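Reader: I have a structure open on my screen and I would like to learn how to read it. Could you take me through it step by step?

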Amino acid sequence: MPDVTTGAAAPNPHLAPYEARGLKGRILSGVQPTGNLHLGNYLGAIRNFARLQDDYECLYCVVDMHAITVWQDPALLSSQTREIAAAFLAAGVDGTKHAIFNQSMVPQHAQLAWIFNCVARLGWMNRMTQFKEKAGKDRENASLGLYAYPALMAADILIYKATHVPVGEDQKQHLELTRDIAIKFNNDFHAPDFFPITEPLIFGAATRVMSLRDGTKKMSKSDPSDYSRINLTDDADAIAQKIRRAKTDPLPMPETTSDAEKRPDADNLLGIYAALADMEKDAVIFEFAGKQFSEFKAALTETAVAKLGPIGSEMQRLMKDPGHVDKVLHEGAEKARAIAEPILAETYKIVGFLKP
Ligand code: TYM
């Protein structure tokens with residue numbers, strides 16, 4: 001709120017403790033262990049997790065409770081949970097400095113989620129596009145958990161009073177809901193500033209990576225065609241084959257940004273290249289303007305293999321050592337619980353629950 005006398009924005013009380021330690025805030029982000037971790041997850045989120053870790057205190061969570069909002073085979077769920085943790089580590093997140101853990105090991109997420117179920121309004125939930133997409137036409141048969149999914153996501157974030165959340169663009173609506181829940185809780189319970197108004201961190205040249213088979217559709221874990229995505233565990237041959245078969249149009253490479261924007265398949269590949277090569281998209285367009293797609297695809301393959309290959313092999317190596325991954329998860333959960341417990345206790349007091 002602006003200061004009435006000076007008009008300047010009041011300092012954010014949630015940021016002050018981090019700023020005092022030379023940090024920019026506290027991050028929480030999550031990834032579902034639902035298989036086929038792909039280039040979109042990496043460029044939109046996981047790569048940024050590692051890039052932010054020197055400036056923020058970070059909690060990175062494998063959201064196994066979100067995963068079961070649609071049916072998951074129990075044995076697969078366990079191995080996929082370890083695989084996501086392995087991906088965080090392989091991407092460079094320091095699990096000794098930050099917390100890497102799975103959601104179900106920290107019961108405070110579910111406890112706060114119940115309170116948020118009672119704060120969030122049905123009208124808000126009805127507007128969530130991800131529910132509509134996931135439930136599809138058979139809405140009556142969707143789980144209650146899938147409907148309440150965004151309230152649990154708000155709890156994931158606010159149980160740590162996280163100030164920032166790095167995600168891909170598809171999570172923007174959920175983060176707006178998180179802000180609405182925080183504002184309503186703070187107002188309803190006359191607890192000004194209790195929960196922070198979390199800032200999304202959506203950045204990089206590929207905040208929304210599209211399918212390699214259809215540049216108008218998001219790259220997704222659930223697409224039935226494996227050719228639609230590059231998985232983080234794909235080897236060099238698979239990456240090369242998928243890029244070779246990626247959909248393009250019959251024209252040469254776009255010459256300008258506005259030309260690229262009208263051609264979704266080309267635009268998507270240009271964004272992927274820019275993100276992998278750490279370049280601005282405009283610079284990539286300039287470099288390949290008017291050239292044949294075959295030339296561009298060869299360069300894209302080389303960059304993708306060089307950047308993703310080491311991550312895929314490190315993931316495979318870590319997956320052969322589940323004991324180590326479990327240790328990281330247990331230690332991470334312990335750190336996370338130590339932060340979550342007092343925040344939940346304070347929340348319970350505000351709500352009027354008697355002390356256990
Ligand atoms: P999930 O598991 O679907 O995706 C994990 C992260 O990957 C990003 N992402 C993409 N980014 C760019 N292009 C794409 N094609 C693409 N596909 C996925 C997502 O935006 C996300 O950042 N609801 C979340 C999980 C979650 C969460 C949280 C995230 C649960 N609680 C709290 C942040 C904070 C989800 O389903 O992500």
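Author: Let's begin with a term: a polar contact is a pair of N or O atoms within 3.5 Å. Keep in mind, too, that this is a predicted model. Now look at the ligand: a backbone N or O atom of glycine 168 lies 2.9 Å from one of the ligand's oxygen atoms.

Reader: Which polar atoms lie by a nitrogen atom of the ligand?

Author: For aspartate 156, a polar side-chain atom is 2.7 Å from a ligand nitrogen. For methionine 219, a polar backbone atom is 3.1 Å from a nitrogen atom of the ligand.

Reader: And which residues around the ligand come nearest?

Author: There are 27 residues around the ligand, and the nearest are Gln32, Tyr149, Asp156, Asp170 and Val209.

Reader: Let's step back to the whole chain. What domains does the assignment give?

Author: Domain 1 covers 16-207 + 321-351, and domain 2 covers 226-318. Taken over C-alpha atoms, their centres are 29 Å apart.

Reader: How do I read the interface of the two domains?

Author: The size of an interface is often given as the accessible area lost when the parts come together. Here, about 1,600 Å² is buried between domain 1 and domain 2, with carbon and sulfur atoms giving 69% of that area. In terms of residues, 19 from domain 1 are in contact with 18 from domain 2.

Reader: How many salt bridges cross the interface of domain 1 and domain 2?

Author: Here is the general idea: side chains of opposite charge can pair when their charged atoms come close. The rule finds one salt bridge across this interface. As an example of such a pair in the structure, the side chains of aspartate 278 and arginine 51 meet at 3.0 Å, N to O. Between the two domains there are also five residue pairs in polar contact.

Reader: Which elements give two or more residues to the side of domain 1 that touches domain 2?

Author: Those are helix 2 (39-52), helix 4 (74-90) and helix 15 (322-351). By class, that side of domain 1 has 12 nonpolar, three polar and four charged residues.

Reader: How many salt bridges does a search of the whole structure find?

Author: The search finds 20. Another pair to look at is lysine 97 and aspartate 54, whose side chains meet in a salt bridge at 3.8 Å, N to O. Lysine 97 sits in the loop between helix 4 and strand 3 (99-102), and aspartate 54 in the loop between helix 2 and strand 2 (56-62), so this pair ties together parts 43 residues apart in sequence.

Technical notes
Residues are numbered from 1 along each chain as its sequence is written. This is a predicted model: local features need pLDDT of at least 70, side-chain atom pairs count only at pLDDT 80 or more; totals for chains, interfaces and linings use all residues. Side-chain values use heavy atoms; hydrogens and water are left out. Domain bounds come from an automatic or database domain assignment. Contact means heavy atoms within 4.5 Å. Buried area is the accessible area (1.4 Å probe) that two parts lose on being put together, summed over both. A salt bridge is a side-chain nitrogen of Lys or Arg within 4 Å of a carboxyl oxygen of Asp or Glu. A polar contact is a pair of N or O atoms within 3.5 Å; within protein, one must be able to donate a hydrogen and the other to accept it, and residues adjacent in sequence count only if both atoms are side-chain atoms. Helices (H or I, at least four residues) and strands (E, at least two) are DSSP runs, numbered from the N terminus. Ala, Val, Leu, Ile, Met, Phe, Trp, Tyr, Cys and Pro count as nonpolar, Asp, Glu, Lys and Arg as charged, and the others, Gly among them, as polar. A residue is near a molecule or strand if one of its heavy atoms lies within 4 Å of it.
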